[in-house]
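Me: I have a model open and would like to learn how to read it. Please take me through it one feature at a time.

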Amino acid sequence: MAHPVVHFEIMSPEAPKLRQFFSDAFGWTFAPALPMGDGAGDYATVEPAPGTGISGGIGTATNGYPGHVTFYVYTDDVEGSLRKVESLGGTRVMGPVSMETPPIELALFKDPDGNTIGLVKPGEM
């Protein structure tokens with residue numbers, strides 16, 4: 001697969017409670033939550049056991065946003081992938097946006113059915 005799914009994300013107004021739910025339900029162990037760039041919430045990651053699954057995270061949805069569940073697809077060209085998605089009937093939601101920690105470039109789009117999907121390009125480590 002040229003563009004594998006590499007990360008999942010759940011954004012929720014009640015992120016700490018949701019992290020506790022998944023911890024209790026499935027034994028997930030989250031890294032300490034870090035503040036998000038907007039200063040209004042936090043984000044904590046969970047890593048799979050070696051050789052299984054993909055990484056993920058649960059973060060705070062802010063400003064009345066109800067949140068989303070999405071997955072991120074790896075790409076070498078976030079802007080180019082967004083343009084292709086738009087040419088095929090998708091809609092740009094956000095980005096591209098660059099982050100320093102971790103070093104990534106990411107974007108969100110809606111597919112023709114309205115599902116929110118992410119694109120991610122890992123940066124230099």
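The turns below go through salt bridges, a helix, a strand pair and some backbone angles.

Me: What should I know before starting?
Reply: This is a predicted model, in which local features need pLDDT of at least 70 and side-chain atom pairs count only at pLDDT 80 or more, while totals for chains, interfaces and linings use all residues. Residues are numbered from 1 along each chain as its sequence is written, and side-chain values use heavy atoms, with hydrogens and water left out.

Me: How many salt bridges does a search of the whole structure find?
Reply: A salt bridge is a side-chain nitrogen of Lys or Arg within 4 Å of a carboxyl oxygen of Asp or Glu. The search finds five. One of them joins the side chains of Asp42 and Arg19, at 3.1 Å from N to O. Asp42 lies in strand E3 and Arg19 in helix H1 (residues 15–26), so this pair ties together parts that are 23 residues apart in sequence. Helices (H or I, at least four residues) and strands (E, at least two) are DSSP runs, numbered from the N terminus.

Me: Are Asp42 and Arg19 buried or exposed?
Reply: Buried means under 20% relative accessible area, exposed over 50%, and partly exposed in between (1.4 Å probe, protein chains only). Both Asp42 and Arg19 are buried.

Me: Which residues does Asp42 touch?
Reply: Contact means heavy atoms within 4.5 Å. Leaving aside residues up to four places away in sequence, Asp42 touches Ala15, Arg19, Ala33, Leu34, Pro35, Met36, Ile58, Gly59 and Thr60.

Me: Which residues are linked in a network of salt bridges?
Reply: The network links Glu79, Arg83, Glu86 and Arg92. Within it, Glu79 pairs with Arg83, their closest N and O atoms being 3.5 Å apart. These two are four residues apart in helix H2, which means a separation of about one helical turn. Glu86 forms a salt bridge with Arg92, where the closest N and O atoms are 3.2 Å apart. As for accessibility, Glu79 is partly exposed at 25%, Arg83 is partly exposed at 48%, Glu86 is partly exposed at 33%, and Arg92 is partly exposed at 28%.

Me: Which residues of helix H2 are buried, and what covers them?
Reply: In H2 (residues 78–87), the buried residues are Val78, Gly80, Ser81, Leu82 and Val85. Their cover includes strand E6 (91–99), strand E7 (104–110) and strand E8 (116–122).

Me: How many bridges join E6 to E7?
Reply: Two strands pair if DSSP finds at least two bridges between them. E6 and E7 run antiparallel and are joined by six bridges. A hairpin connects E6 to E7 through four residues. Ser98 has Glu105 in E7 as its bridge partner.

Me: What should I look for in the backbone angles?
Reply: Most residues other than glycine have a negative phi, and most peptide bonds are trans. Asn63 is not a glycine, yet its phi is positive, at about 55°. Asn63 sits in the loop between strand E4 (55–60) and strand E5 (68–74), and Asn63 is exposed, with a relative accessible area of 78%.
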